[in-house]
Amino acid sequence: MCTAIVGWPGMGTHKHLPPPSLEELGLQSFGMPGERLSGERLLKPKKFRFQLLSDFIATTFDTSMRVLDVGGGKGLLTYLLRQQGYAACVVEPEFQILPGKYKDLRTNRRVKIPKDETVPRISANFAVQHAKDFDLLIGLHAHGSNLKMLEAAARYGKPCVLMPCCVIGEPTTPTPGESWFKWLVMKAEEAGLGVEYFYLNFKGQNVGFIAR
Ligand SMILES: C[S@@+](CC[C@H](N)C(=O)[O-])C[C@H]1O[C@@H](n2cnc3c(N)ncnc32)[C@H](O)[C@@H]1O
């Protein structure tokens, strides 16, 4: 998993400014500062990001949409989206097999994924042209592909859901001291896209945006 530490030529390493707070993005906070959260409001471990994102997608986008999960890794997000009814597909250069199980957050039970189960995969680096055959692009920690996804969203008029963790591997990077998250938002706006923020209930970098 990437960190937000990047090198500046001649200046050693630099930690980009953290993403803006929920309040700064106009999102309602999980609780009051110092409040002990419990039950549904308790922040979940980051490993549950796939379940939380697939539920968010299902409440936000029509299930008739063909979804491209950019940098989808093992393919769990795509698997869960397919369970929700989406025609979802991973584009990913490294072949990785689906995990054997995942936790269903509604029932709190482990669900086994059959050994021979697979998800559709495009075994390649994401290219802007891939967007032509899909209705929705998703980048969950898809570092290195965020700018290309925004370009694809703008070129083909396809909504793009970005839940970035950093801007490592992107063809350009923010200026030193700039917030990498705000920089990505600015890139979306420069491409003529409108931006809506959202967050998911997991620990760590849990804010994202829809660009369309
Ligand atoms: C940090 S991992 C995130 C994986 C998964 N989405 C997750 O949240 O666990 C980034 C993934 O992007 C893939 N990747 C790297 N370069 C890529 C590219 N040019 N196009 C598509 N995927 C790429 C990597 O192989 C890796 O699986």
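Predicted model: local features only at pLDDT ≥ 70, side-chain atom pairs only at ≥ 80, totals over all residues.
Student: At what angle do H1 and H2 pack, and how far apart are their axes?

Tutor: Helix H1, residues 49-60, packs against helix H2, residues 76-84, at an angle of about 40 degrees, and their axes are 9 Å apart. H1 is therefore oblique to H2.

Student: Which residues of H1 and H2 meet?

Tutor: From H1, the contact involves Phe 50, Gln 51, Leu 53, Ser 54, Ile 57 and Ala 58; from H2, Leu 76, Leu 77, Leu 80, Leu 81 and Gln 84. By class, this contact has 8 nonpolar and 3 polar residues, with no charged residues.

Student: Let us turn to the sheet. What is the order of its strands?

Tutor: As a general idea, the strands of a sheet pair through backbone hydrogen bonds, in either a parallel or an antiparallel sense. Here, 7 strands form an open sheet with mixed pairing, in the order E7-E4-E3-E8-E9-E11-E10. Strand E7 (121-122) and strand E10 stand at the edges; each has a single partner strand, so one side of each lacks a neighbour in the sheet. Helix H4 (residues 180-190) packs on the sheet, where it touches E9 (160-163), E10 and E11, and the direction of H4 makes about 150 degrees with that of E10.

Student: How many bridges join E3 to E4, and how many pair E4 with E7?

Tutor: Strand E3 (residues 66-70) runs parallel to E4 and is joined to it by 5 bridges. The pairing of E4 with E7 is also in the parallel sense, over 2 bridges. Val 91 can be followed across these pairings: Val 91 in E4 is the bridge partner of Val 70, and in E7 the bridge partner of Val 91 is Ile 122.

Student: Is strand E4 largely enclosed or left open by the rest of the structure?

Tutor: Strand E4 (residues 87-91) has 4 of its 5 residues buried, so the rest of the structure largely encloses it.

Student: Where is Gln 205 placed, and is Gln 205 buried or exposed?

Tutor: Gln 205 lies in the loop between strand E10 (195-199) and strand E11 (207-211). A residue is taken as buried when 20 or more other C-beta atoms lie within 10 Å of its own. Gln 205 counts as buried because it has 21 C-beta neighbours inside 10 Å.

Student: Which residues beyond its sequence neighbours does Gln 205 contact?

Tutor: Leaving aside neighbours within four places in sequence, Gln 205 is in contact with Pro 19 and Cys 165. Gln 205 and Cys 165 are 40 residues apart along the chain, yet their C-alpha atoms are separated by 6.2 Å.

Methods: Residues numbered from 1 in each chain as written. Axes fitted to C-alpha atoms, helices over the stretch in contact; angles between N-to-C directions. Parallel < 35°, antiparallel > 145°, perpendicular 65-115°, else oblique. Contact = placed C-beta atoms within 7 Å. Nonpolar A, V, L, I, M, F, W, Y, C, P; charged D, E, K, R; others polar. Buried ≥ 20, exposed ≤ 12 C-beta atoms within 10 Å, placed from the backbone. Pairing = 2+ DSSP bridges.
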